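Thanks for taking a look at this one with me. Here are a few notes to read alongside the structure.

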Amino acid sequence: MGCSSRCFSLQNLAATGSILHPPSLCFRLRSPVRKIIRMSATQTENPRISFESLPIQPPSHPTYDLWGVIKSAIAEDAGDQGDVTCLATIPSDMEVEAHFLAKENGIIAGIALAEMVFYEVDPSLKVEWSQKDGDSVHKGLGFGKVYGRAHSIVVAERVALNFMQRMSGVATLTKAMADLASPACILETRKTAPGLRLVDKWAVLIGGGRNHRMGLFDMVMIKDNHISIAGGITNALKSVDLYLEQGNLQMDVEVETRTFEEIEKVLEYASQTKTSLTRIMLDNMVVPLRNGDVDVSMLEQAVKLIDRRFETEASGNVTLETVHKIGQTGVDFISSGALTHSVKALDISLKIDTELALQVGRRTKRA
């Protein structure tokens, strides 16, 4: 069974080297030799691993070990015995076909990552998709299938689904936010699940959002605590400019402002000094009202005060109900931690007996 035209090959994600699967991960399967690859988005040391064919590539990170995250997820599920239920009930040589079913409407994400999970468990598995990352799915839609050894499919099932469901939840919320926020761009924050930073931010891209800084290393972001410790917003900006100049570093710089006074100090400093500042965050300038609406007049005034001299970013009180109004103020970016810290997973299943699964789904109104 070959991959469809929408599918990127599992074999394209293969990696070889000198580190074997630990015995606890073998699940009585034929496990290949594997080298741990540290992936910097589309660039890796191994030419057989390529993200260039993906419709939406993962963001760059200099040290993130995506294969390591997958291996850890499989290991925590298998423990030191493997899948004892699978070993007890399924003949080791049985082959089956299992189908992915969407149980609710949303944006599908994590297809590429799921393929990596299946490959990690068993490179002989064949996977095909009728949808790609970023496509809409509806309740009851079958959008992919995997064929091969039943043991391998069942072992990989939950890990693959956990990644897909979380990523699809993030992508679905991001898509809704991004559509409402236009013409402003929607951003996530660093409020991601520990260990899943790149995965969460990849899902935001799939949903049509933009990535904020990946971590502490790729952008200077002067927040309230930095300002307090530095002795004021002007001192903080001076220190950053000096640090970057002395280190011959070039990167974006953002400063958080909470009042018009702070904005004016930033603009005054920038008018008198060559600065690396690129963006001004306007924090909590969206004021919630008792009737559930929000007052964005402070934000509008701040945007006009900055007058396109720097990029602007709104933060605070961003919800599905408020993001459209915020996006109409002229602000360039809107950041929302809720995209990743309050994600509701999209309900997806992987079923061998799809007819029975659909019968049960209809009974429970989930298909």
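**Pockets, rings and one serine**

1. The largest pocket comes out at about 400 Å³. A pocket here is an open set of points on a 1 Å grid over the protein atoms alone, where a 1.4 Å probe fits, with protein on both sides within 12 Å along at least five of seven lines. Its volume is the space filled by probe spheres set on the points, which are joined across faces, edges and corners. Keep in mind that this is a predicted model: local features need pLDDT of at least 70, side-chain atom pairs count only at pLDDT 80 or more, and totals for chains, interfaces and linings use all residues. Residues are numbered from 1 along each chain as its sequence is written, and side-chain values use heavy atoms, with hydrogens and water left out.

2. What lines the largest pocket? There are 22 lining residues, and T189, K191, K223, S315 and S335 lie nearest the centre (lining means having an atom within 4 Å of a point). Strand 9 (277-283), strand 12 (311-315) and helix 11 each supply at least two of the lining residues; helices (H or I, at least four residues) and strands (E, at least two) are DSSP runs, numbered from the N terminus. By class, the lining has four nonpolar, ten polar and eight charged residues. Ala, Val, Leu, Ile, Met, Phe, Trp, Tyr, Cys and Pro count as nonpolar, Asp, Glu, Lys and Arg as charged, and the others, Gly among them, as polar.

3. Now the second largest pocket, at about 270 Å³. It has 16 lining residues, with V220, M221, I222, H226 and V240 closest to the centre. Helix 7 gives the most to this lining, five residues. The lining of the second largest pocket splits into 13 nonpolar, two polar and one charged.

4. On to the rings: the structure holds five aromatic pairs. One of them is W129 with F143, stacked at 6.1 Å centre to centre and 15° between the planes. (Rings of Phe, Tyr and Trp, using its six-membered ring, pair if their centres lie within 6.5 Å, and planes under 30 degrees apart count as stacked.) Both W129 and F143 are buried, meaning under 20% relative accessible area with a 1.4 Å probe, protein chains only. F100, F118, W129 and F143 form one aromatic cluster.

5. Finally, S336 sits in the loop between strand 13 (333-335) and helix 11 (338-341). S336 is buried because its relative accessible area is 2%.

Technical notes. Buried means under 20% relative accessible area, exposed over 50%, partly exposed in between (1.4 Å probe, protein chains only). Rings of Phe, Tyr and Trp (its six-membered ring) pair if their centres lie within 6.5 Å; planes under 30 degrees apart count as stacked, over 60 as edge-to-face and the rest as tilted.
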